[in-house]
Amino acid sequence: MSETILLTGANGKTGRAILKKLVGLKLVVKVFIRDKNQWQDLKALGAAGFAVGDMLDVDSIDSAVMGCQKIIHVGPPMHPDEKTITQSFIEAAIKQNIGHFIYYSVMHPLRRDVRHHRLKLDAEEVLVESGIPYTILQPIRYMQHLLPIWNKVVEEGVHAMPFNTEVMFNVVDLEDLAEATAIVAAEPGHYFATYELAGVEPLSQTDMAAIISDVIGTPVTAQAISQQQLADNAREKGFNEDKVEQMMLMNKHYDDCGFLGSPNVLRWILGRQPTLYREFVERLHQA
Ligand SMILES: NC(=O)c1ccc[n+]([C@@H]2O[C@H](COP(=O)([O-])OP(=O)(O)OC[C@H]3O[C@@H](n4cnc5c(N)ncnc54)[C@H](OP(=O)(O)O)[C@@H]3O)[C@@H](O)[C@H]2O)c1
């Protein structure tokens, strides 16, 4: 009988991308969602079953894990209870003899001054000490951060991000990360491993603007949004003060240090070159 994988955060951007890749590999996926209305959409993407619950509610976690053999845990971004939530899934996994726990973390959780990185580091520690066969995935910043501003970039020719225009990032394609996650879940041999997952080229916002400009055929300039404006925009979107603070810490850190990493592990898992930024932008332009 096929094993069932519990996928958390399944209705989010990352969760949906991973779900599609798992289904593409013919794996059986039970999605953890917090609203039953989300089920029809995820069923249409190929999910085999669902559990409705809140990640802060241990009982709903326990019953969701029941009947599963593997877990892919994708926590909500910048959540102050990341460690507690992950710990609850780990405890449920121990009770249910889960054979493989894949934790979707972040690259460089050791950046302790960025609070949500530190929380993921704390969660990683609990997992490593649990004794469950685990794989920790540490993705870098997504290329997909371009999506919410894409129309504006094309219409106004301004690529605006909340850090200086010269600091460098090895941004990565979420589609590659989702594929790598599915491969790690499907293949043997990834137990007790921690994988840093980054894109191929270190690029500044200026480099990215130049690539976009080349692809769309009109000038695009990189621009740094101030931290204050970022905070104002986040509050307008309804983010609570804790999340605003976490975002500010993260972007301040990016502004100072960028976010660089090696593509070697991702290349190895995928068995091919990870997507280049130009290829990602071409895909978006053609969509
Ligand atoms: N973006 C990046 O560049 C990047 C890089 C590295 C790592 N990551 C990590 O990737 C992960 C996923 O990020 P994302 O952008 O895909 O997140 P997202 O789109 O906001 O999705 C988060 C999902 O979690 C669900 N959720 C939130 N609180 C919940 C709760 N209390 N109980 C049950 N479900 C809950 C949400 O449910 P609803 O659908 O009901 O809202 C949503 O489906 C995060 O841990 C983030 O740190 C992101």
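How many cavities of 30 Å³ or more does a search of the whole structure find?

Analyst: Happy to. This is a predicted model, so local features need pLDDT of at least 70 and side-chain atom pairs count only at pLDDT 80 or more, while totals for chains, interfaces and linings use all residues. Residues are numbered from 1 along each chain as its sequence is written, and side-chain values use heavy atoms, with hydrogens and water left out.

The search of the whole structure finds one cavity of 30 Å³ or more. Here a cavity is a set of points, on a 1 Å grid over the protein atoms alone, where a 1.4 Å probe fits but cannot get out. Grid points are joined across faces, edges and corners, and a volume is the space filled by probe spheres set on the points. The largest cavity holds about 60 Å³. Its lining, meaning residues with an atom within 4 Å of a point, consists of Arg141, Tyr142, Met143, His145, Leu146, His159, Met161, Val171, Gln205, Met208 and Tyr277. Strand 7 (158–161) and helix 8 (205–216) are the elements that give two or more residues to this lining; helices (H or I, at least four residues) and strands (E, at least two) are DSSP runs, numbered from the N terminus. By class, the lining has seven nonpolar, three polar and one charged residues. In that scheme Ala, Val, Leu, Ile, Met, Phe, Trp, Tyr, Cys and Pro count as nonpolar, Asp, Glu, Lys and Arg as charged, and the others, Gly among them, as polar.

Two of the lining residues, His159 and Tyr277, also lead us into the packing. Ile212 is in contact (heavy atoms within 4.5 Å) with Leu146, Trp150, Val153, His159, Gly217, Val220, Tyr277 and Val281, leaving aside neighbours within four places in sequence. Both Ile212 and Tyr277 are among the residues with the most contacts inside the largest nonpolar core, which has 69 residues. Such a core is a set of buried Ala, Val, Leu, Ile, Met, Phe, Trp, Tyr and Cys residues joined through side-chain atoms within 4.5 Å. Buried means under 20% relative accessible area, exposed over 50%, and partly exposed in between (1.4 Å probe, protein chains only). Helix 7 gives this core its largest share, eight residues.

Helix 7 is also where Thr181 is found. Thr181 counts as buried because its relative accessibility is 0%. Beyond four places in sequence, Thr181 is in contact with Ile18, Ile72, Ile102, Tyr104 and Leu137.

Of the 14 residues that line it, Gln144, Leu147, Leu174, Glu175 and Arg283 are the closest to its centre. Helix 1 (13–24), helix 7 (174–186) and helix 12 (277–286) each give two or more residues to the lining, and helix 1 gives the most, with four. This lining divides into eight nonpolar, one polar and five charged residues.

Technical notes: 1 Å grid on protein atoms, 1.4 Å probe; cavity = no way out; pocket = protein on both sides within 12 Å on 5 of 7 lines; lining within 4 Å.
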